[in-house]
Amino acid sequence: MDFVKAATVDEFADLSHKVIKLIGRPVGIIKREDGTFFGVEASCKHQGADLLTDYRGGTIAVCPRHKWEYDLESGRCLNHDSLPLKKYQVKIEGNDILISMLPVQEDQPSDIDFDRLK
Ligand code: FES
């Protein structure tokens, strides 16, 4: 998987998150309370609003437009049926924060009844 430099650890001294563009898509780099980082899609699955506009830290983000709530760690929407937010792999190299160019594929919906589709 290819990674690009997205930020530096120093930038997060007073920040809980930063939004970058990856291949034209907004992606949030989130700093956990323990100082580690993760990457997550930053557009609402409903109508694409900026999910991190009102975000101030923690694991829950509420979309400012129609109040869909997401667990940013898992990507799951907590109050609507929705595909999960895509997750991105984050690596730290020295002071650099690198992020995968493409989302991690592990969050495909697991509750599809494939037997019913035959
Ligand atoms: S655009 Fe996010 S809830 Fe509608």
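How many helices and strands does the secondary structure of the chain come to? The chain has 1 helix and 9 strands in this predicted model. Read from the N terminus, the elements run β-β-β-β-β-β-β-β-β-α. The chain holds 118 residues, and buried residues make up 23% of them. Among contacts with a separation of 6 or more, 40% are between residues 24 or more positions apart.

**Four-stranded sheet**

- An open sheet is formed by 4 strands in the order S2-S3-S4-S7, with antiparallel pairing.
- Its edge strands are S2 (17-22) and S7 (87-88), each of which pairs on one side only.
- S2 and S3 run antiparallel and are joined by 6 bridges; within this pair, Lys18 stands opposite Ile29 in S3.
- The two strands S2 and S3 form a hairpin with 2 residues between them. In the turn, Ile23 has a positive phi of about 50°.
- The bridge partner of Gly39 is Tyr88 in S7.

**Three-stranded sheet**

- A further open sheet consists of 3 strands in the order S1-S9-S8, and its pairing is antiparallel.
- S1 and S8 (90-93) stand at the edges with a single partner strand each, so one side of each has no neighbour in the sheet.
- Neighbouring strands of this sheet are turned against each other by 35° on average, with direction ignored.
- S1 and S9 run antiparallel and are joined by 5 bridges. Thr8 stands opposite Asp96 in S9.

**Nonpolar core**

- The largest nonpolar core has 20 residues, of which Ile29, Val40, Leu51, Ala61, Ile97 and Ile99 touch the most other members.
- S1 (3-8), S3 (25-31), S4 and S9 (96-100) each supply at least two residues of this core.
- The largest share of the core comes from S3, which gives 3 residues.

**Surroundings of Ile29**

- Which residues is Ile29 in contact with, leaving aside its neighbours within four places in sequence? They are Ala6, Ala7, His17, Lys18, Ile20, Phe37, Gly39, Val90, Ile97 and Ile99.
- Gly39, another contact of Ile29, has its bridge partner Tyr88 in S7.
- Ile97 and Ile99 are in contact with Ile29, and these three residues are among those that touch the most other members of the core.

Key:
Residues are numbered from 1 along each chain as its sequence is written. This is a predicted model: local features need pLDDT of at least 70, side-chain atom pairs count only at pLDDT 80 or more; totals for chains, interfaces and linings use all residues. Two strands pair if DSSP finds at least two bridges between them. A residue is buried if 20 or more other C-beta atoms lie within 10 Å of its own, exposed if 12 or fewer, and partly exposed in between; C-beta atoms are placed from the backbone. Two residues are in contact if their C-beta atoms, placed from the backbone, lie within 7 Å. A nonpolar core is a set of buried Ala, Val, Leu, Ile, Met, Phe, Trp, Tyr and Cys residues joined through C-beta atoms within 7 Å. Axes are lines fitted to C-alpha atoms, for helices over the stretch in contact, and angles run from 0 to 180 degrees between N-to-C directions.
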